[in-house]
Structures are given as structure tokens and as C-alpha cells.
Amino acid sequence: MEIYVVKAGDTVYGIAKAYTVAAEDIIFINQLKEPDALAVGQALLIPAEKKAKSGREVRINGYAYPYISDWVLAQTLPYLTELSVFSYGFTPEGELIPPALDDTFLIEQAEAFGTLPILTLTPFGEDGQFNNYLIHSVVQSKEALENLIDGLTQTVVQKGYAGVDIDFEYILSEDRDAFTAFVGRVADAMRRIGRQVSVALAPKQSADQKGLLYEGKDYKGLGEAADYVLLMTYEWGYTYGPPMAVAPIFQVRKVLDYAVTEIPREKIRLGIPNYGYDWPLPFEQGVTKARTIGNVEAVRIAVAQGAEIFFDERSMAPYFHYEEAGVRHEVWFEDVRSMQAKFDLISEYGLNGAGYWQIMRLFRANWVLLEDQFTIAGK
């Protein structure tokens with residue numbers, strides 16, 4: 001497949017004629033709402049004839065909340081090895097708390113598409129935020145730990161989950177080793193019943209990196225304990241931060257350079273963001289709040305506002321500016337060029353695959369490009 005960057009005066013039908021492909025295929029793959037409305041600088045994935053599956057086999061995981069659209073889920077599952085259902089919580093005593101909405105539908109749909117359903121475990125407090133008190137209460141208590149493991153074991157068997165993904169953030173430095181031991185205990189329990197365990201890792205760039213996100217994560221120990229790890233290589237650009245790429249490739253590479261010194265490459269999955277942010281300007285720390293948007297939505301905003309899309313070669317990410325109601329905006333998002341850069345890293349570093357946060361919005365061109373690059377395990 002090829003990637004075409006729109007120039008002034010281009011039309012879908014003119015591009016289709018130049019590549020001798022059907023305009024309808026370009027429209028479908030790139031989710032073009034109005035075929036004649038393109039943004040200068042927009043990256044389009046140009047379809048090619050279907051070929052036999054080739055490329056290295058990778059495992060692809062996507063996170064979803066139980067309220068995901070039925071249609072989006074059905075469109076996405078053909079490209080996923082695993083579906084991580086977000087999420088189960090727990091009390092300080094280790095009692096497992098199911099999602100607010102029933103997760104049965106996601107499990108059944110995953111199985112129907114030959115995708116493995118995975119239970120995601122998170123330490124969310126009553127405010128819906130990560131709570132390191134909950135983590136401390138469980139990993140430092142033998143009784144709470146045993147209670148939580150029993151609950152996980154019963155639930156994955158009863159519900160039909162294929163494993164557990166442990167997504168704990170802001171772990172206290174004093175709980176570092178206890179958390180590693182906890183992951184090992186969960187992994188041992190799951191393996192005894194034929195299930196797998198993965199763990200999400202904050203994007204560290206060195207063993208001694210300071211900060212609450214990093215000090216409680218022992219890359220080497222967790223890599224040994226779990227079957228797979230997900231590097232959360234995103235959120236450099238985030239809701240309350242200054243405008244920038246969500247996953248600048250030069251930062252992602254630094255994380256990978258460190259990770260492969262501690263964890264076997266065949267266990268590592270690259271975290272990929274399936275979203276962007278729209279910042280009102282000027283940015284003021286502690287005041288400005290960016291709006292989360294989908295990648296397809298970002299392009300539609302550019303089209304509606306008549307904005308030109310640019311591509312930052314250092315971050316390998318697209319961005320643009322527009323003005324609305326007297327307020328200037330800066331938007332960073334993902335397109336097929338930025339996704340290609342991430343897929344190149346998976347190949348270059350020989351990684352196990354990728355994990356998408358999250359799949360609530362459909363970005364069809366990403367999935368078509370992914371399938372063109374790799375053989376997806378289980379598909």
C-alpha cells in the first residue's frame with residue numbers, strides 16, 4: 001500500500017485515477033465523510049490488491065470499555081489477537097469489583113471473532129483515578145493478595161477470560177518489589193489454569209528515572225514475572241500539558257532502547273495511542289485543558305476549518321492550527337504516516353506486537369495498514 005499526502009486542488013477521484021484504484025475504496029478505507037472535502041497535507045492510505053498474508057507475526061491488543069459501539073467493535077475485532085476489557089477494580093481487602101456495565105457482550109463478541117478476551121485489573125479509587133493506597137493495601141497484605149487472586153481465578157474461569165492484564169500506575173517506590181512479587185503471584189495462578197498475564201509499564205527511559213510514574217516499576221523483574229508487557233509509550237502530549245505529539249517517535253525510541261536491555265524483546269508490546277488532542281491557545285499551565293478527539297475527527301476538523309495539516313519529522317506526527325470563535329487552536333493526532341513510523345519500530349526492535357489505547361473510535365486506515373505490514377496472530 002502507499003500513503004499519499006493531499007496537495008492543493010486534489011480530489012479523491014483524481015487521486016484514484018492516478019493510482020488506478022476505485023475512488024470508493026479510498027473513501028471507505030480513509031473514512032471520508034465528504035469525498036470532495038480534503039485538507040491540504042492530509043495523509044490518505046491508497047488501497048492495493050489483497051495479497052497472501054506475509055510479514056512477521058505479531059500479537060495485537062486493544063483496550064475497550066463495555067460501552068463501546070457494537071459497530072466499532074465488530075469493525076475492529078478482526079485485527080485483534082486480544083481484547084482487554086477495561087476494567088475490573090478491587091477493594092483494600094482484595095474483593096474484586098466488576099465493571100459498572102456488564103462485560104458479557106464484549107467477551108462473547110471477542111470469542112465470535114477468534115479474539116482472546118482479557119480482564120484488565122486497575123486500582124481505581126472512588127474518584128475514578130489511580131489510587132496507590134489501594135495498591136499498597138493489596139500488595140503488602142498476604143490476606144488481601146490471596147483474596148484478590150482467588151477472585152481473579154474464579155472470574156476468569158466463570159466468564160471465560162483468557163487472561164489478566166495488570167494496569168497499575170503511580171505505584172509508591174516502597175511498594176516496587178511487593179508489586180513485582182504480586183504480578184508474579186497472579187501470573188503463577190493464571191498459568192495453573194492455562195491463562196496468561198500481561199502488565200502495563202510506564203514509559204521509563206532509564207532504570208533510575210525519578211517520578212511517581214516510574215519508581216515503582218521494575219522493568220527487569222516485571223518482564224520476568226509476566227508473559228507480556230505493554231510499554232505505555234504515549235501521553236507526552238496530554239490533557240493538561242502543553243501542545244505536542246501524543247507519542248513523539250524520538251521519545252518512544254528512548255523507551256525502547258532502555259526496555260530491550262531489561263526485558264526480552266519477544267515479550268514487549270509497543271503502546272500505540274488511537275486519539276489526539278485539541279488545545280485552545282494560548283496554553284497556560286494549570287488552566288488550559290485539551291479536548292480528546294479521534295484521528296478521523298481531527299481530519300474532519302481540519303477540513304471544516306480549511307486548515308492545512310503539517311507533519312513534524314522529529315515527532316513523526318501530524319498537527320494543524322485553526323481559529324474558531326476568536327480562539328486559536330492547536331491539534332496533534334495520529335495518521336497513517338505516524339502509525340507507519342510505529343510499525344517500523346516494531347519491526348526494527350523485533351517486538352512481540354502492539355497494544356492500542358484505546359479502540360473506542362474506529363480508525364480503519366490504521367487497521368488496514370497494520371494488516372498490510374504484519375501477520376496478526378490468531379487471524
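## Starting with one residue

In which helix is Asp 150 found? Asp 150 sits in helix H6, residues 142–159. Helices here are DSSP runs of H or I with at least four residues, strands are runs of E with at least two, and both are numbered from the N terminus. Asp 150 is partly exposed, with a relative accessible area of 41%. On that scale, buried means under 20% relative accessible area, exposed means over 50%, and partly exposed is in between (1.4 Å probe, protein chains only). Asp 150 and Asp 10 are 140 residues apart in sequence, and their C-alpha atoms are 60 Å apart in space.

This is a predicted model, in which local features need pLDDT of at least 70 and side-chain atom pairs count only at pLDDT 80 or more, while totals for chains, interfaces and linings use all residues. Residues are numbered from 1 along each chain as its sequence is written, and side-chain values use heavy atoms, with hydrogens and water left out.

## The nonpolar core

In soluble globular proteins, nonpolar side chains tend to be buried together. A nonpolar core is a set of buried Ala, Val, Leu, Ile, Met, Phe, Trp, Tyr and Cys residues joined through side-chain atoms within 4.5 Å. The largest one here has 104 residues, and the members that touch the most others are Leu 121, Ile 166, Phe 179, Phe 182, Val 183 and Tyr 356. Helix H7 (residues 176–192) gives this core its largest share, eight residues.

Now pick out Phe 179. Contact means heavy atoms within 4.5 Å. Leaving aside neighbours within four places in sequence, Phe 179 is in contact with Val 139, Ile 166, Phe 168, Ile 171, Val 199, Gly 216, Lys 217 and Leu 222.

## A pocket and a cavity

Rolling a probe the size of a water molecule over the atoms shows where empty space is left. The search uses a 1 Å grid over the protein atoms alone: a cavity is a set of points where a 1.4 Å probe fits but cannot get out, a pocket is an open set with protein on both sides within 12 Å along at least five of seven lines, and lining residues have an atom within 4 Å of a point. Grid points are joined across faces, edges and corners, and a volume is the space filled by probe spheres set on the points. The largest pocket holds about 1,000 Å³ of space. It has 30 lining residues, and the closest to its centre are Phe 130, Glu 169, Glu 235, Tyr 277 and Trp 357. Sorted by class, the pocket lining has 19 nonpolar, seven polar and four charged residues. In this sorting, Ala, Val, Leu, Ile, Met, Phe, Trp, Tyr, Cys and Pro count as nonpolar, Asp, Glu, Lys and Arg as charged, and the others, Gly among them, as polar.

There is one cavity of 30 Å³ or more. The largest cavity has a volume of about 50 Å³, and among the residues lining it are Asn 61, Asp 165, Ser 198 and Arg 269. Strand E3 (57–64) and strand E9 (228–231) are the elements that give two or more residues to this lining, with E9 giving the most, three.

## Helix H11

Because 11 of its 14 residues are buried, H11 is largely enclosed by the rest of the structure. Its buried residues include Arg 337, Lys 342, Phe 343 and Tyr 349.

## Loops worth a look

Two cis peptide bonds are handy to find. One joins Leu 281 and Pro 282, with omega about 0 degrees, and Pro 282 is in the loop between strands E11 (276–280) and E12 (291–293). Another joins Trp 357 and Gln 358, with omega about -15 degrees.

Thr 20 is a residue other than glycine with a positive phi, near 50 degrees. Thr 20 lies in the loop between helices H1 (12–19) and H2 (23–29), and is exposed at 71% relative accessible area. Ala 325 also has a positive phi near 50 degrees, and counts as exposed at 81% relative accessibility.
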